[in-house]
Amino acid sequence: MSTFDKNAVEESVRLKESSSGSVTIITVGRSDAKKTVKEALAMGGDRGYLVVSAEPDPHDSLTTAYLLARAIERAGPFDLVLCAEGSSDVYAGQVGPMLSEWLALPFLGYVRKVEIKDRVIRCEQTLEESVRVLEAELPALVSVMSEINEPRYPTLLQIMQASKKPIEEVGSELLIDGRAPPRLVTTVGMTAHAMSRKRVIFEGSPEATSRKLVEALRSEGVLKR
Amino acid sequence: MPLFKPEHRQLLKMLHPAREEEVSDVLSGLAAFMEEKISPLSPKFDSLAEKITSARKSLLENGICLIPYPSRYGGLELPFSAYTTAIELAGAADASVALSVAIHNTVADGIFLFGNEAQKKTYLPGIISGKKLASFSLTEPASGSDAKAVRTKARRVGMEYVLNGTKMFITNAGEADLYFVLGATEKGPSSFIVEKSAPGLEFGEDLPKLGMRGSRTSELRLTDCRISAENLVGREGEGFEQVKTMLNSSRIVMGALCVGVAQVAYEKAVTYSKERKAFGGRISDFQLTREKVADMVTGISAARLLCLYASRLKEMGLEFSSEASQAKVFATETSVRVCDQVIQIFGGLGYTSEDVHRHWRDARLLTIGEGTSEVLRMLIASRELAKSL
Amino acid sequence: MNSVAREVATAGRELAESLSGEQLFVVTERSRAGEGAGKVLLVDGGEEVEGDPDLIAEALARAATKKRPSAILVGATRTGRIVAARLAAKLRLGCLSDVYRLRLQGTSIVGDRDVFAGKVVAEVKADLPCVATVKVGTYPMMSEGRTGLEVEEVGSLHRGVRLVETLEKRESTTDLRGASVIVSAGRGFRTKEDLRLAEDLAKALGGALGCSRPLSSDYGWLPEELHIGLTGVTVKPSLYFALGISGQLQHVAGIKESKVIAAVNTDRDAPIFQVADYGIVGDLYQVVPAILEILKG
């Protein structure tokens, strides 16, 4: 589970703990994603729902959001959907807003604080230039920033208890209906970013090492004087 | 490198195929916790820049000691080999924290096996959940491995026992809430649970040590120390047998701890040897380095297996004291040898970096503590010679 | 037009040359598009739309349904990403996010984007018509100018999310993306006051101050726009000086294009040393004053 997702799971468990209710963990992935669902259950989720899909294209957020929307429809009534600010692999941040569109929910993104009172959710959203306080009526969808909390490490007992919590697995073909979007985005290829760095390391006294460093930077021509 | 490796997974699968997933989930969760919360602090514990107190507490609260105990005490009811492996991983994360926790759990073991219902109810949940810290107080200035010769006296006076004596080199002394103390009564060596608040109980200064510096080691001084007679564990005179049993399990665990220390040191040496260039090549290209790598990994594998073998015998309810001693002797001595070679591979950098030599310094305790190698060899040999082959 | 919109305008103009039909350029505030940007539509949803991604998306969707653009480009700010994603879902269009080097390939648009925290470059493709968010800092800004604009008005819009208040409007004082020397601070700094050392070094080198995410987001010692990394700013200075930064992938993703990377860290095994050209294993509290001494003399 990426750390971004852990923040979302942690926040949902905290919200459950401060009021009452249940947390359902939903993911789309290969069948080995069950392990990740278990980790989330160990953190405090109550049940899991895995949409098994063979190699979804990580850039095809529209299809992922659609499958999640279908899974949520099947999983039952809910008040709030939480997700990460982005995935740790492609970090596009699209699934959240797309999912909110599919489910016709208000979307509060890039949130660093969540409060719920009387069926109204109030969030602090961090944008590049400002922090905005937003409100919406439940049900709603929120994407959380990693600053929002420090995810807990489940105790060994919680890890063992997670094995007993139910996880439903559904093949993605079973969820696809007439509303499914066509696959419009594909990943054509991936190339490793070539980063050849000199990796010269200086060890020794601060005086000696800083002298060597300044000399090296001078010879690189990056020092103005 | 992750602490919980495919090798561990494989071995545990061989030992307990039906419980493989459970055991792996728990140990990889534990490993992830220690990688984040314990390993990064290791250099600070060694340099005394930080105490292990809060890291140890969070490790105990995470549940490491619950692994082998029954669920009625809040335990996970997992096989003993899972606990052995957990301490190996803890040893790789930080040897001092692992030592402190392992010693603490030896006391839990003692109370679990030999305590009466009242004692178990009073003390066990607190200890295994990590709310209370325990200390195993056996060694004395005049008797280390020679437990029968215990000099601390315990005199029955009405509803109390009065203890007099000195215990030496006690891990967790001063920090622990409970002390498992061996004292001599009229009927022979006996075990007592002494709470920190008992009158007449004092602790010495933390002793400076070669290694295992994060773990507190000092004297216990019992001067007319009065405890309730209800704190006698079992019956008078049973202490020696009790302690022997406790040490059997604890020796396996100490061996595993050393395997962890050796593993982490070994990995550092391998990484270094692949980067470090000399004489126009990497030092990992040289035959003599390769010989060291082969010998180190072979020793670590063999040590790990001996510890798991002894663990499995214990799980099956079979006699395992000789195998436990073999595991401890072999694993601790191998670990010292491996850590020594690791310093050699690092060369001058090894001699001058705490990050390298601390592993040897940490491992070096354990050919001495919990039964010296010499004493354990005597035990192993006398058992062998008593067999009719 | 703000700087991000001007970059997007440039991206659009490049594509416009190969595309027939109209393109819509989104500006995330009400203002004018630049000259020579091709056929540009300014979508006016009224004052309430300002900065509200849901409303912008809805306004755009209505306009797009009428005007049928080949592509809709949005700057990949946080708001922009939300706008683009919702719009794509509304219109059932493919959406490329945080892309650069956009080009036309037959009836698709292809772009590059950084994945795996910048370790890998992925080439992604979407069939036209599509939406795309353009990675900030990857296109030069179009010069300001005036143009005859066709203004598309949309009716009143539904608000699902209410803006209660804006807490901090942080003025953008530095644009790190243009800096040629950056001194960056990480968790090796023990207090906010100690950042003075980093500031002094930045001044001595004639450069700007930046930081890794914990210092802006967790500690709040520096404003968000100085946060360099995957979820912050991407920089490409001639010299990037990392002080007390461990070198997590998320941070390194933002500095890969630097010409020379120098680092100071007490931990010999810190990942930053794998990506630095020159590194000092040492305490920045001692090394930085030593460097300052040398630069003085």
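How many residues of chain B are in contact with chain A, and how many of chain A with chain B? In this predicted model, local features need pLDDT of at least 70 and side-chain atom pairs count only at pLDDT 80 or more, while totals for chains, interfaces and linings use all residues. Residues are numbered from 1 along each chain as its sequence is written, and chains are lettered from A and ligands numbered from 1 in the order in which they are written.

To take the opening question first, 11 residues of chain B are in contact with 10 residues of chain A, where contact means that the C-beta atoms of two residues, placed from the backbone, lie within 7 Å. On the chain B side, α2(B) supplies the largest share, six residues. This side comprises six nonpolar, three polar and two charged residues; Ala, Val, Leu, Ile, Met, Phe, Trp, Tyr, Cys and Pro count as nonpolar, Asp, Glu, Lys and Arg as charged, and the others, Gly among them, as polar. Helices (H or I, at least four residues) and strands (E, at least two) are DSSP runs, numbered from the N terminus.

Helix α2(B) deserves a further look. Its 18 residues (20-37) should span 26 Å at 1.5 Å a residue, and the end C-alpha atoms are 25 Å apart, which agrees; the expected span is 1.5 Å times one less than the number of residues. Buried positions in α2(B) include B:V23, B:L27, B:L30 and B:F33, a residue being buried if 20 or more other C-beta atoms, placed from the backbone, lie within 10 Å of its own. The buried residues of this helix pack against α2 (34-43) and α5 (156-162) of chain A, as well as α1 (6-15), α4 (53-62) and α5 (80-93) of chain B.

Chain A itself has seven helices and 10 strands. Its radius of gyration is 22 Å, well over the 17 Å that the globule rule gives for 225 residues, so chain A is more spread out than a compact globule; the radius is taken over C-alpha atoms, and the rule is 2.2 Å times the number of residues to the power 0.38. Buried residues make up 45% of chain A.

Turning to chain C, the contact takes 64 residues from chain A and 74 from chain C. On the chain A side, α7(A) gives the most, with 10 residues, and the residues divide into 34 nonpolar, 14 polar and 16 charged. Strand β9(A) is joined by seven bridges to β6(C) (residues 120-127), and the two run antiparallel; strands pair if DSSP finds at least two bridges between them. Here A:T186 stands opposite C:K125.

Key: Buried ≥ 20, exposed ≤ 12 C-beta atoms within 10 Å, placed from the backbone.
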